Amino acid sequence: REVASSEKLSSGETAYGETKYLWMNVKVLSIIVGYCIIGSQLSVVNKLAVSDLKLPNTILILQFVSCVCLLGGAHAMNVIQISNINRETVLGFIPLSIAFFGLLSAGMWVMKEAPLETFIAFKSTTPICFSMIDYIFLGRALPRAKSIMSMVGITLGAIYYVHGDVLSNAASYGLCVVFIVFACLEGSIAKDTINRYKMNSWSRTFLMNLISIPISFMLALFTGELSHAGNLEDVHGDALEFTNRAVLALGCSCVFGVGMGVFTMLIRDALSATSVSVVATCNKFLSEIVNYFIWNNHASLDGAGAVFFIIFCGAFYEQSPLRKGEIGFSKKSACPCLPRHVVNAMFNLVGMGTVSTGDVGVDDRDAELANKNAN
């Protein structure tokens, strides 16, 4: 019985222990602290860099290239180990890398067009979307009352912020919606991708950034941003000014990007998609403090208060447990609120095969075996 129950444990549970209460596990807490410190400061330096240089996609290209070069160099010097980079993993990581790039690109454009607080306020609504995705596709229970109240508070804070936001425009809010869509895609794809391909965090980070380079290059070329950058112009055609602040912010964003990539892989392995999004919201507390004091390009005191309220509410969210007998994504139990014939039609439409109401199909069983460590 003990052997059978241990085989049902997810890798997150095995490696990190019980993670329902995010702040009460030393390993998980260490990952969260590292993620928060790097993530909060990366938001600030990205905001500075894109505000001064106004080349969002070019900045991302430099970040991706820097990450690949730094990790590749560390691997060459035997400081870290990068392994399992092959045709199968490259193809498997392409959907995640596209969503990853879309998320970062939309975020950079939001920060270029609007105050950092606007980015934080809209980012904070992603746990609501993720809680439904966790329930429908990833085998988790619905949030409990405390978590629901937490997300209601987040939503009310975001509404209050938008009501008093006078520095953003319709284009900024449109970009925020694009950001939320890509955030949901990236968060949903990430957990399953991480569980299917056995790689360490260094390898995952290296591979995702490597695949993102041609994607970002093509977008920058298509939008004409690359030609502007070649002429030392920003996206508006104005001459670039390489001030000390701009250069320092760009350099820091490249370095912090490496750490953020690694900690993102670690935290996605340890926590559910919703929990990761809540932590990502709460870590902006430090971003908001730094952003408010370093310059005047920030929201009003009311707007800042709304953002702090959002972050405060997010701290009370608790990760929902897996439903009984669930181990993560499974075609057999996906969309539990729908009849099986409807689910069959959905999976057939996307080419994933038919779901039986009884036994798990061969493909699904293989996916579940690969998914044993879905948390």
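Helices (H or I, at least four residues) and strands (E, at least two) are taken here as DSSP runs, numbered from the N terminus. On that basis the protein has 17 helices and zero strands. The model is a predicted one, in which local features need pLDDT of at least 70 and side-chain atom pairs count only at pLDDT 80 or more, while totals for chains, interfaces and linings use all residues. Residues are numbered from 1 along each chain as its sequence is written, and side-chain values use heavy atoms, with hydrogens and water left out.

Of the 375 residues, 54% are buried, where buried means under 20% relative accessible area, exposed over 50% and partly exposed in between (1.4 Å probe, protein chains only). Contact denotes heavy atoms within 4.5 Å. Among contacts with a separation of 6 or more, 82% join residues 24 or more positions apart.

Helix α4 (residues 56-76) packs against helix α12 (residues 244-270) at an angle of about 50°, their axes lying 8 Å apart. Axes are lines fitted to C-alpha atoms, for helices over the stretch in contact, and angles run from 0 to 180 degrees between N-to-C directions. The pair α4 and α12 is therefore oblique; angles under 35 degrees count as roughly parallel, over 145 as roughly antiparallel, 65 to 115 as roughly perpendicular and the rest as oblique. From α4 the contact includes Ile-59, Leu-62 and Cys-67, and from α12 it includes Leu-250, Cys-254 and Val-258. By class, this contact of α4 with α12 has eight nonpolar, three polar and no charged residues. Here Ala, Val, Leu, Ile, Met, Phe, Trp, Tyr, Cys and Pro count as nonpolar, Asp, Glu, Lys and Arg as charged, and the others, Gly among them, as polar.

α4 also packs with helix α10 (residues 201-223), at an angle of about 150° and with the axes 8 Å apart. The two helices, α4 and α10, are therefore roughly antiparallel. Residues in this contact include Phe-64, Cys-67 and Val-68 of α4, and Trp-202, Phe-206 and Phe-217 of α10. The contact of α4 with α10 comprises 13 nonpolar, eight polar and no charged residues.

How many disulfides does a search of the whole structure find? It finds zero, a disulfide being a pair of cysteine sulfur atoms within 2.5 Å. For Cys-252, the nearest cysteine sulfur, that of Cys-254, is 9.3 Å away. Cys-252 counts as partly exposed because its relative accessibility is 25%, whereas Cys-36 counts as buried because its value is 16%.
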